[in-house]
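User: Hey, I've just opened this one and could use a quick tour. Can you walk me through it?
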Amino acid sequence: MIKKLRLVLACLAMVGLQGLVAAEVPDATAEALMRKSGVWAQLGGLAVQVKAGIAQSATSGKMSAEDVKRLEELAEDAFAAPRLRDAFLREVSQQVTVAQGADALKWYDSPTGQLMTRLEEASSANSDDMQRVMADGNKALGSASTRRYTLLTQVVQATRSAEGMVAMQINTTVAILQGLSNVAPNPAAPSADELRRSLEAKKPQMLAQSMGVVLTLFALTYQTASDKELEQYVKFLSSKSGSALSVVMNDALDKSLSAAAQRLGSSIPKVPGTTRL
């Protein structure tokens with residue numbers, strides 16, 4: 001199940017890729033950035049995505065329907081929207097400078113910035129069936145022109161989405177193990193440090209795979225955006241403020257999801273038969 005949860009969380013790394021970033025701004029400004037970037041709304045749907053992953057994993061029949069329901073309840077608590085939003089907001093308010101915040105709000109208030117937020121929110125809301133999403137994304141990517149393909153690649157690179165996805169895969173997996181070990185030590189299981197080293201050794205392969213996944217997801221997410229609008233997006237993302245915002249976005253999402261994953265890991269032993277997930 002950990003593998004399945006990691007996949008769900010990895011896909012959620014795509015949430016709100018327009019980002020936020022670097023020295024303190026008031027909480028009100030941080031919240032405005034989160035709302036206008038779409039992050040606020042998207043964080044509200046993460047518990048549903050994780051629960052969907054649990055339900056899909058449970059089809060193996062190793063847990064009773066009652067245990068699956070209890071595990072879903074624990075996931076809903078661990079990934080509750082208020083918790084995720086509070087953790088994310090703290091990171092944003094501490095790391096975003098006044099200048100970066102102003103630049104970001106100007107972008108989010110622009111017609112193209114608003115369009116990108118709508119597209120990203122819609123993509124997040126429709127990501128419950130990842131097989132369908134990837135199939136549709138591959139079709140969109142296959143029909144993309146050379147120019148379109150280049151622009152999509154530039155968005156992937158500028159947002160550092162693939163790198164963020166890999167970091168979250170590693171950190172959330174380790175966090176779940178740490179949560180488990182805190183309440184149900186298992187001498188036979190690898191330690192958190194051992195698991196991290198093992199995953200870090202696979203990082204090049206994970207990054208290569210994630211680059212393909214993100215490119216496919218982006219082809220579908222921005223399918224209705226014009227090449228000109230994508231060019232404007234790339235220009236913002238490549239700017240000093242835009243680049244910094246992407247870094248903080250990935251960091252804030254990574255930290256908030258890792259904390260949620262550790263909470264879930266700590267709760268898992270409360271469900272009979274789940275300590276070996």
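Analyst: One term to start with: a residue counts as buried when its relative accessible area is under 20%. F218 has a relative accessible area of 1%, so F218 is buried. Bear in mind that this is a predicted model.

User: Ok. How many helices and strands does the chain have?
Analyst: There are 15 helices and zero strands.

User: And what share of the residues is buried?
Analyst: Buried residues account for 51% of the 277 in the chain.

User: Which residues touch the most other members of the largest nonpolar core?
Analyst: Those are F79, F88 and Y222, in a core of 60 residues. Helix 15 (residues 240-267) is the top contributor, giving eight residues. There's another core apart from that one, with eight residues, including I170 and M206.

User: Back to Y222. Buried or exposed?
Analyst: Buried, because its relative accessibility is 0%. Beyond its neighbours within four places in sequence, Y222 is in contact with several residues, among them M116, R148 and Y233.

User: How many aromatic pairs are there?
Analyst: The count is four. In one of them, the ring centres of F218 and Y222 are 5.3 Å apart and the planes meet at 80 degrees, so that pair is edge-to-face. Y222 also pairs edge-to-face with Y233, at 5.8 Å between centres and 65 degrees between planes.

User: What does the Y222 and Y233 pair tie together?
Analyst: Parts that are eleven residues apart in sequence, because Y222 sits in the loop between helix 13 (203-221) and helix 14 (227-238), while Y233 is in helix 14. Ring pairs also join W107, F218, Y222, Y233 and F236 into a cluster.

User: Switching topic: what sits over the ring of W40?
Analyst: That's the charged end of R35, 4.2 Å from the ring centre.

User: Where is T172, and is it buried or exposed?
Analyst: T172 is part of helix 11 (residues 161-183). T172 is buried, since its relative accessible area is 1%. A polar atom of its side chain lies 2.5 Å from the backbone oxygen of M168.

User: Last one: what about K139, buried or exposed?
Analyst: Exposed, because K139 has a relative accessible area of 62%. You'll find K139 in helix 9 (residues 130-142).

Technical notes. Residues numbered from 1 in each chain as written. Predicted model: local features only at pLDDT ≥ 70, side-chain atom pairs only at ≥ 80, totals over all residues. Heavy atoms only, no water. Helix = DSSP H or I, 4+ residues; strand = E, 2+ residues; numbered from the N terminus. Buried < 20%, exposed > 50% of the residue type's maximum accessible area, 1.4 Å probe, protein only. Core = buried A, V, L, I, M, F, W, Y, C linked by side-chain atoms within 4.5 Å. Contact = heavy atoms within 4.5 Å. Polar contact = N/O pair within 3.5 Å; in protein donor to acceptor, adjacent residues only side chain to side chain. Phe/Tyr/Trp six-rings, centres within 6.5 Å; stacked < 30°, edge-to-face > 60°. Lys NZ or Arg CZ within 6 Å of the ring centre and 35° of its normal.
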